Amino acid sequence: LFNLKAAIADAIPKRREELLRIKKNFSDVKVGDITVGSVLTGMRGNQSMYWESTTLDPNEGIRFHGRTIADCQKMLPGAPEDNGDGEFLPESMLWLLMTGEIPTEEQSRQLTQELAERGAKLPSHTEKLLTSLPRDMHPMTQLAIALASMNKESIFAKKYEEGSIGKKDYWEYIYEDVLNLIAVLPRITGKIYSSLVNDGEPLGHFNVEKDWSYNIASLLGMTVRDSVNVHSLTKERSNDFVNLIRLYCGIHVDHEGGNVSAHTTHLVGSALSDPYLSYSSGIMGLAGPLHGLAAQEVVRFLVEMENDVDSVENVKQVEDYLWKVLNSNRVIPGYGHAVLRKPDPRFDAMLNFTEARPQEFKSNAKVQLMKNLSKIAPRVLQKHGKTKNPYPNVDSASGILFHHYGIDQLLFITVIFGCSRAMGPLSQLVWDRILGIPIERPKSLDLSSIKKLCKI
Ligand code: AMX
């Protein structure tokens, strides 16, 4: 089974049968209590969604079909040219998310090639639309617009409109849209970035022989072979950047179902909106500063703080800076989490990337500040006494590493997050349709119903 679609088709009967059996025999089993507190605080702790591929343990962090980040780094295939030395490919992760199985080298290579072939061209109307957008429109808004415009390409939407497909077949067309959407993300990303820094002129080439992350890096002008070399990276640094994109995109794919971008994609998709519309909505959620936009906010924060303190080693000044932010009722970006209660293992993975390259990062004061902060900020937040999790989340490390290699357009950074996050929620969308998960429609309560429940 070299082809991803065939591997999914192979997994379907057992999964459908299992879920159907549970639905039929165990629908009355209680999951937990919903309290007035959870109704009034963003449904915290409310276990009420089915999610196939990832689960988040408050203390141990994310697992992908039960596997930790370290397991994935050991088991998932990387790019053939790295001979086992590089990071695993996001394509290998996509296979794992979709099938629950670790792909073989051949399967990962085949999927890489399939995505490159599907992604070689951006629809001309989307390209034109992106060209026409104001240069100072936020890059995440541009990404959401580009994705929504691709609804015109949706195979699922066309088939549905024709009335030619039955419920059991929906997934096949959703799958086609999902792969086409993921495949075209390097092109969209490159186009948005080139508008910001190169007047819309391409910064690099799309290479069908190369992997998805390589093509993102290439279209950002960051590879030696294929770019017009705006950043003038050496070959070694360029390889490191490609591997940074692979690592970043490999571990940001999903964080179980309840986070804003995943949940939104799933919710909108439950109305049978096609994957382009669904993920465009997810991107709009990712663009919020309490969620994905924290990636951008952290870089801004580090840049500003570095300017403000005499030295990033001056603990007292760093603490004072944090208190100034907290006392003005702002949040420390990159810290805290709605579910996690320990440091984010994704943060550790990004940190390990820098620690494996001490020469590269030792003279970057902002990277040093990011590391120092991870020790200082938890103490300050604990003393502040509000935050349930005072530790760094993934966003506290990631953006500054892109910035280090020359991606200095701060507002752009979350777009790379948007490339990665497509993989988890869109894999779920395929399985939502396979399993026939219905339209999502929780019941809301008005104040008088809540008062009645509280007997007040
Ligand atoms: N700085 C300052 N205050 C914080 C804080 C932080 N980093 N994190 C939480 N708090 C505050 C909350 O604002 C809340 O204050 P309130 O009682 O006055 O409303 C209080 O602490 C309790 O919040 P919580 O239960 O610990 O967190 P939450 O589930 O409500 O929110 C999150 C989670 C991530 C939105 C929050 O920690 C935050 O705003 N962090 C900074 C932004 C950030 O890094 N977001 C990225 C998260 C990861 C991601 O999605 N990519």
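In this predicted model, helices α11 and α16 run roughly antiparallel to each other, since the angle at which α11 (residues 235-251) and α16 pack is about 175°, with 11 Å between their axes, and angles over 145 degrees count as roughly antiparallel. On the side of α11 the contact is formed by L244, L247 and I251, and these residues meet R346, A349 and F353 of α16. In composition, the contact of α11 with α16 comprises five nonpolar residues and one charged residue, with no polar residue taking part.

Most residues other than glycine have a negative phi. L272, although not a glycine, adopts a positive phi of about 65°, and this residue is situated in the loop that joins α12 (260-270) to α13 (275-286). A positive phi, near 65°, is likewise found for N329, a residue other than glycine, which belongs to the loop between α15 (315-327) and α16 (345-355). As to their surroundings, L272 is classed as partly exposed because 17 C-beta neighbours fall inside 10 Å, whereas N329 is exposed, because 6 other C-beta atoms lie within 10 Å.

The ligand is surrounded by 20 residues, of which A294, G336, A338, K386 and K388 are the closest.

Terms used
Residues numbered from 1 in each chain as written. Predicted model: local features only at pLDDT ≥ 70, side-chain atom pairs only at ≥ 80, totals over all residues. Near = placed C-beta within 6 Å. Helix = DSSP H or I, 4+ residues; strand = E, 2+ residues; numbered from the N terminus. Buried ≥ 20, exposed ≤ 12 C-beta atoms within 10 Å, placed from the backbone. Axes fitted to C-alpha atoms, helices over the stretch in contact; angles between N-to-C directions. Parallel < 35°, antiparallel > 145°, perpendicular 65-115°, else oblique. Contact = placed C-beta atoms within 7 Å. Nonpolar A, V, L, I, M, F, W, Y, C, P; charged D, E, K, R; others polar.
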